[in-house]
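I opened my notebook to write down what I looked up in this structure, one entry at a time. Here goes.

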Amino acid sequence: MSEAPGPPGTHLGPGAHLGPGAHLGPGPVTADDVRDAVRAAAAVLRGAREADWDVRAGSLEWSCWETVEHLADDLFAYAAQLGPEQPPSDREVPFVWSPRRPGGPANVVFADRGAGAAGLVQVLEASGALLTAVVRTAAPDVRSHHVFGASDPEGFAAMGVVETLVHLHDVAEGLGVRWEPDAGLCERVLARLFPDAPAGAGPWPTLLWATGRGEIPGRARLTRWRWHGAPREAAEKG
């Protein structure tokens with residue numbers, strides 16, 4: 001799946017098969033989940049320091065280096081959406097997103113290539129720590145804009161976790177390393193963002209399917225997809 005440059009969230013395909021459902025399953029997604037996902041990702045990436053980071057990341061059009069930068073940028077931007085005294089209701093916080101090359105990810109956050117892969121991992125960890133801290137301290141009733149509708153701190157935490165899990169899948173494919181996240185974490189983000197995802201295939205394969213990265217029994221690979229970030233009470237009313 002090719003992802004278009006733009007503000008965080010706009011790289012997701014606008015599919016319509018994964019809307020709100022009545023069964024919300026396990027939860028909630030927490031700041032600790034963001035922290036743990038980023039820590040696990042960083043540990044895997046540190047083990048691949050000597051790999052070629054300019055190879056393509058899985059099915060994406062970006063390199064592994066660019067994909068980790070994009071992930072760090074997403075985590076930073078989700079924290080930024082929750083940060084203002086009055087979070088925006090109709091747009092992203094107006095940072096300037098721009099690519100470093102035509103077709104590359106449009107970011108605010110870039111890593112210094114001179115710092116090598118170790119520096120890139122530090123950039124990812126720093127952005128993850130920002131989102132972890134903001135989710136932990138934000139009031140539960142805070143709402144902020146996202147391209148798929150206003151969301152709350154738990155929603156932005158879940159978005160950050162999904163970004164981390166699936167982009168590490170992309171990068172792991174490119175670098176030739178193993179990546180399989182915690183099943184319980186996958187369950188929580190599926191329940192929060194993909195409540196209509198089918199059961200029975202296992203949480204991690206289902207999350208890959210729900211984000212257009214794999215097939216599960218009886219379900220072809222998605223070419224258009226989206227998540228449902230509305231707060232839980234909105235989903236329950238829906």
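**Entry 1: a serine in a loop.** I started with S144, which sits in the loop between α3 and α4. Helices here are DSSP runs of H or I with at least four residues, strands are E runs of at least two, and both are numbered from the N terminus. Buried or exposed, I wondered about S144? S144 is buried, since its relative accessible area is 1%. (Buried means under 20% relative accessible area, exposed over 50%, and partly exposed in between, with a 1.4 Å probe and protein chains only.)

I then checked who touches S144, skipping its neighbours within four places in sequence: Q81, L82, P87, P88, G149, A150, S151 and F156. Contact means heavy atoms within 4.5 Å. A polar atom of the S144 side chain lies 3.5 Å from the backbone oxygen of P88. (A polar contact is a pair of N or O atoms within 3.5 Å; within protein, one must be able to donate a hydrogen and the other to accept it, and residues adjacent in sequence count only if both atoms are side-chain atoms.)

**Entry 2: ground rules.** I'm noting that this is a predicted model, where local features need pLDDT of at least 70 and side-chain atom pairs count only at pLDDT 80 or more, while totals for chains, interfaces and linings use all residues. Residues are numbered from 1 along each chain as its sequence is written, and side-chain values use heavy atoms, with hydrogens and water left out.

**Entry 3: another serine.** S151 is also in the loop between α3 and α4. S151 counts as buried because its relative accessible area is 0%. Leaving out residues up to four places away in sequence, I found S151 touching V142, R143, S144, F156, M159, R192, G229 and P231. A polar atom of its side chain is 2.5 Å from the backbone oxygen of G229. I also looked at L82: it is 69 residues from S151 along the chain, yet their C-alpha atoms are separated by 9.4 Å.

**Entry 4: the whole chain.** What is the secondary structure of the chain? I got seven helices and zero strands. The chain has 238 residues, and 53% of them count as buried. Among contacts with a separation of 6 or more, 72% are between residues 24 or more positions apart.

**Entry 5: helix α3.** I checked the length of α3, residues 116-137. Its 22 residues should span 32 Å at 1.5 Å a residue, and its end C-alpha atoms are 32 Å apart, so the two agree. (The expected span is 1.5 Å times one less than the number of residues.) The buried residues of α3 include A117, G119, L120, V121 and L124. I traced what they pack against: α1 (31-46), α2 (64-82) and α4 (153-175).

Entry 6: In α1, I listed A31, D33, V34, A37, V38, A41, A42 and L45 as buried. They cover an arc of only 165° around the axis, so they lie on the same side of α1. (The arc is that of the directions from the helix axis to the C-beta atoms.) Their cover includes α2, α3, α4 and α5 (183-193). At the start of α1, a side-chain oxygen of T30 comes within 3.3 Å of the backbone nitrogen of D32. For α2, I found 19 of its 19 residues buried.

**Entry 7: the core.** Which residues touch the most other members of the largest nonpolar core? They are L45, W53, L124, L165, F194, L207 and W227, out of 65 residues. (Such a core is a set of buried Ala, Val, Leu, Ile, Met, Phe, Trp, Tyr and Cys residues joined through side-chain atoms within 4.5 Å.) The largest share of this core, twelve residues, comes from α4. I finished with L124, which is in contact with V38, A41, L45, V68, L71, A72 and L75, leaving aside neighbours within four places in sequence.
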